[in-house]
Each structure stands twice: as structure tokens, then as C-alpha cells.
Amino acid sequence: MEDGRKFVATVKGLTKSYGATSVLKGVDFSLARGEIHALLGGNGAGKSTMIRIITGLAGKDGGDIEFRDAADNPLSDTEGRSKVAVVHQELALLPHLTVAENIVLPRFPNGLRLFDRKRSWRQAHDALAIIDREFAGTSLHELVGDLSLHQGQMVEIARALSSGAELILLDEPTANLTALETERLFSVLRRLTRENGLAIVFVSHRMKEIRQIADVCTIIRDGRTVVDRAPTRSLSDTAIIEKMGQITARHAEGVGAAHPVPRSAAAFADDTLVIRDADVEITLAAGMILGVAGAPVGPQSLISALVGAAKARRWTVARAGWPQAFTSPRQAARSGLGFVTGDRAHKGILGNLPIIDNVMASRRILRHSVFTSGRERAKCLDLVEALKIKAASIWDLPDTLSGGTQQKLLLARWLGLSSRLLVLEEPTRGVDIGTKKEIYQLIRQMAASGTIIVWWSTENAELLEVCDRVVAFDTEGRCAGVIEKQDLSEDALANMTGMAA
Ligand SMILES: Nc1ncnc2c1ncn2[C@@H]1O[C@H](COP(=O)(O)OP(=O)(O)OP(=O)(O)O)[C@@H](O)[C@H]1O
Ligand SMILES: [Mg+2]
């Protein structure tokens, strides 16, 4: 037993197949009390599948899962699982119940009939206040169905943290959080492990976070454990990416070479886009990449105006031949607007159409055709390869794909097209580290060919890496200013967005 600490859960030789696809081929994974354990692997490696099996949401084919109590006695599966809480990658909240009800519900397995309302509400409030005091003060009685993705994520985390569980599995909990909320979450996690001896499993595709929070890591690749309980410090970034199987020949020779720059966009070379509200005016020349930073309220109002989704009350968008609002997605696409939504589950993925239809959707609109051709299949396969989309066939439905793989489908829709303006809402949410680099490169190439890119991200490291300038919003949603490339830094972003810890 390591450091005298007892393992709370041990997974040995876990196997799982879906039809002909073998997802887990003998995974080992063990968790000790008092540790924050990063579970790492590329998109589709099997992380969420294993988490679903540990919590009992999915069955296993073979292998063993064992839970032990503080005195090292084995627990039955039911007993063990009652000590496990989980934050799922795609939110699993009940939309017709309130925030407070969602948070306390797991503690009332027989429903909400017999419980101390006042006390429970207070518990829900306190759990939420850990991450965002103001949100806790205003949201308890709101219906979860009315919340944004970002607020839903906070409710889901609060529910897990306040569950009294001894093992908490967090499947990409920070994907919808801002830098400040992530900081707060991390300090709670540290406290829970140090003071209360909880074990925490943390899944993330953000290298910086992994290094900040996880003492130990396990890496899985193609359904097998390739690194078993290594101290995170002992592995370099490159070693981690390599172990995940993400350094390919193309990385080695520089990704750029493989993707020719589309030519037609050069027609927009003299094109500028001016966006303004009462306080700022931002002029974007063809080929610029504008980052958007800050808590979601501000970025979302700017993006709504840009994509013409709502009547743009605050922002005006001025450009030759560009309408203030679009009457349909078709009109938007044909005017040269590309848009990757941040809400892939509800607004992005076409759940009942196969991968090829998802990937080709915007190309079909642009060429006025819904028919599949041999050429289209070839293009789809190219994109699948470029983004390492992990699927058995392009005719599979997207709901069998991993979270990050679904995200890649949304991006593929617009990559390589000669849009005049491409608006991206958290385009790399859940995308694995290796592919992220590749995506940055592909988007830069689109910019180089004249497309103006507007890129909202809550991952500051990403904005620093890809943007020419960044417009920052404060936590109230007001525009706090524009930072030019030479002045961009983590600190500058943190200060401007009001997210300095
Ligand atoms: N119900 C299902 N039917 C068929 N295949 C499935 C099903 N659920 C998962 N898979 C497959 O299992 C593999 C692992 O998926 P999983 O969601 O566990 O990956 P992951 O490591 O969590 O990836 P990500 O980082 O993208 O979230 C994928 O190839 C996926 O397509
Ligand atoms: Mg997953």
C-alpha cells in the first residue's frame, strides 16, 4: 500500500465492447484516499466509458472493480457505489426541477416528499456558494432547464461536492468554467482531499490544469493502461502527449504542409468588419483572429450580434454587404458566415444523422445539394483523418461517439471553407491535446487565406497561442478593453476580465 494509504477503488483488467468495437481491452486503474488523480487519454480512449462502469451506469464485460472502506475492508458494489459521486461530461441534470432540488436529490433516493426543505435548501446554497456566491444567492429556485450550459456545470459540480461521497469522479468539469471558477473549484478539491481524505478523479484536456491540480496520473490509450499511477511531475508535456499516442509523423514534420490554403477567400482581402457598442469599436481586417475572453455574459451578447441570432441591441456589426440579422442559417452560410456553437449537445450535433451528414452539413448548404457523392465521401474521410475523429464508420450515429469526437464533427463542418467570418464558441471544448494543436494550425491557415476569425475561449492559454488581439469582458458582461498581441499575457487577461485570483 502506497504511503500507508488504502486504495478506495481498484479496477483490474476491465473490458468492454459495444458490438464489434472493443472499447476497453483490459484497463487497470487504482485510486487512493487523499489524492487527485488525473485520468488522461485522447478522445475516444475510453475514459468516460470507464467512469460510467465504475458508477454502475454501464455494465462491464470482464475484469474486476473493488471498493474498500477506511479499514481496508472490501465493500459490496452497492455499498461502494453509494460512496461515489460523478460529474458527467455531458450534464446530467433534471431540467424540470429547480437548482436546489437537483443538488439535494441524490441524498433522497426515495424522492423529495419526505425531507427537511429548509435545511436542504441551505445545503444546496452552501454547496453552490463554494464556486459562485452570487449565483447561489439568485438561482436556487430557478428551473435547471432555463440555465446556460455554464450555470448547469456549476450546479452539477455543487451536487457532487455536497453529496458526502468519498470518491468523486469529475469528467471534464472545467470545460464550461471560467478561469476564476476553475481556481475556486481547485481550492475546494485540494481541501476535500487534504482535510477529508477524499479521492478525486479528474479528467481534462487542459495541460495547465492537469499540472496545477493532479498529483498522480493514469494514461489510457486504445482501451489499455499505458501509464499506471505515475507522479504527474515525472512526465513532461511531450511525454504525456506521446503516451496518449498523439505524436504522429505529421506533427513531426509540421502539420501545415498537409493542408493547402483555400484560395477563393483572397477575394475578401480588402474586407473589414467593424463591431461597436457604446464603449468600444473594434475594426478587424481580413485574416485577423480576434479572441474573446471573460465570463460568458459579455462574449455571448457579442457572438449573438455577430451571428445575427438575436436582434443585436448592444452591438452593431458593420461590413459591406453584411446584414444586421440573418433570416436563416442558409442565408448566413451563403453570406459567408461560419459558426461553431458552444452547445454541441443541443444546438450543434444532428443526433439522428450519420457522421458524414454532420460533417458535410455546411458544405451541402453552400453547394445547394443534399446528395452524397463519391467526392464528398473522400472529403469527409480526409477531415476524419486530419482531426483524428475516432469512429468505426462515417455512417455511424454521433451519439455513440466520445464527447471530444463530437466536438471535432462540429469543427470539421467549417474547416477549410472560405468563410468571410468564422465565429467560434469554445471550439476545442473537450478536444484532446494533440488535436488542439492541429486545429490551431488549421484555423490559422483559414485566417491566412482572408477569413476573419472570432474565437471565444475560457482557456486563456489557447487565446494567448492563437489570437492577434483579444477583447475582454468583465464579470458583469461589460467590455473591459482590447488587448493587442504584444501585450497579451495570462496576467493581462486575468486583470481585464476581473478574474485575478
Ligand atoms: N454506446 C456506445 N456504442 C458504441 N460505441 C460507443 C458507445 N459508447 C462509447 N462508445 C465508443 O467507445 C469509445 C470510447 O468512448 P469514451 O466516451 O469513453 O471516450 P473518452 O476517453 O471519454 O473520450 P473524450 O475525451 O472525447 O471524452 C469511443 O470510440 C466511442 O465511440
Ligand atoms: Mg469522455
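User: Where is Asp72 found?
Analyst: Asp72 is in the loop between β4 (62-68) and β5 (74-75). Helices (H or I, at least four residues) and strands (E, at least two) are DSSP runs, numbered from the N terminus. This is a predicted model, where local features need pLDDT of at least 70 and side-chain atom pairs count only at pLDDT 80 or more, while totals for chains, interfaces and linings use all residues. Residues are numbered from 1 along each chain as its sequence is written, chains are lettered from A and ligands numbered from 1 in the order in which they are written, and side-chain values use heavy atoms, with hydrogens and water left out.

User: What is the phi of Asp72?
Analyst: Phi of Asp72 is near 70°, a positive value in a residue other than glycine. Most residues other than glycine have a negative phi.

User: How does Asp72 count by relative accessibility?
Analyst: Asp72 counts as partly exposed, at 23% relative accessibility. Buried means under 20% relative accessible area, exposed over 50%, and partly exposed in between, with a 1.4 Å probe and protein chains only.

User: And Asp222, what about its phi?
Analyst: Asp222 is not a glycine either, and has a positive phi of about 50°. Its place is in the loop between β9 (216-221) and β10 (224-231). Asp222 is partly exposed, with a relative accessible area of 42%.

User: Where is His88 found?
Analyst: His88 is in the loop between β6 and α3. At 17% relative accessibility, His88 counts as buried. The C-alpha atoms of His88 and Ala214 are separated by 19 Å, with the two residues 126 apart along the chain.

User: Now ligand 1. Which residues come nearest?
Analyst: Of the 20 residues around ligand 1, the nearest are Lys47, Ser48, Thr49, Thr400 and Ser402. A residue is near a molecule or strand if one of its heavy atoms lies within 4 Å of it.

User: What do the side chains of Lys47, Ser48 and Ser402 do there?
Analyst: A polar side-chain atom of Lys47 lies 2.7 Å from an oxygen atom of ligand 1. For Ser402 the distance from a polar side-chain atom to a ligand 1 oxygen atom is 2.6 Å. An N or O atom in the side chain of Ser48 is 2.8 Å from an oxygen atom of ligand 1.

User: How much of ligand 1 does the protein bury?
Analyst: The protein buries 86% of the 650 Å² that ligand 1 exposes when taken alone. Accessible areas come from the Shrake-Rupley method with a 1.4 Å probe; for residues, only the protein chains shown count as cover.

User: Switching to rings. How many aromatic pairs are there?
Analyst: A search of the whole structure finds 2 aromatic pairs. Phe186 and Phe202 have ring centres 5.6 Å apart and planes at 80°, so that pair is edge-to-face. Phe186 sits in helix α7 (residues 179-196) and Phe202 in strand β8 (residues 199-203), 16 residues apart, so the pair links distant parts of the chain. Both Phe186 and Phe202 are buried. Rings of Phe, Tyr and Trp (its six-membered ring) pair if their centres lie within 6.5 Å; planes under 30 degrees apart count as stacked, over 60 as edge-to-face and the rest as tilted.

User: What about Tyr440 and Trp455?
Analyst: Their ring centres are 5.9 Å apart and the planes are at 55°, so the pair is tilted. Tyr440 lies in helix α17 (residues 433-448) and Trp455 in strand β17 (residues 452-456), so the pair ties together parts that are 15 residues apart in sequence. Tyr440 is buried, with a relative accessible area of 4%. Trp455 counts as buried at 0%.

Definitions and conventions: A polar contact is a pair of N or O atoms within 3.5 Å; within protein, one must be able to donate a hydrogen and the other to accept it, and residues adjacent in sequence count only if both atoms are side-chain atoms.
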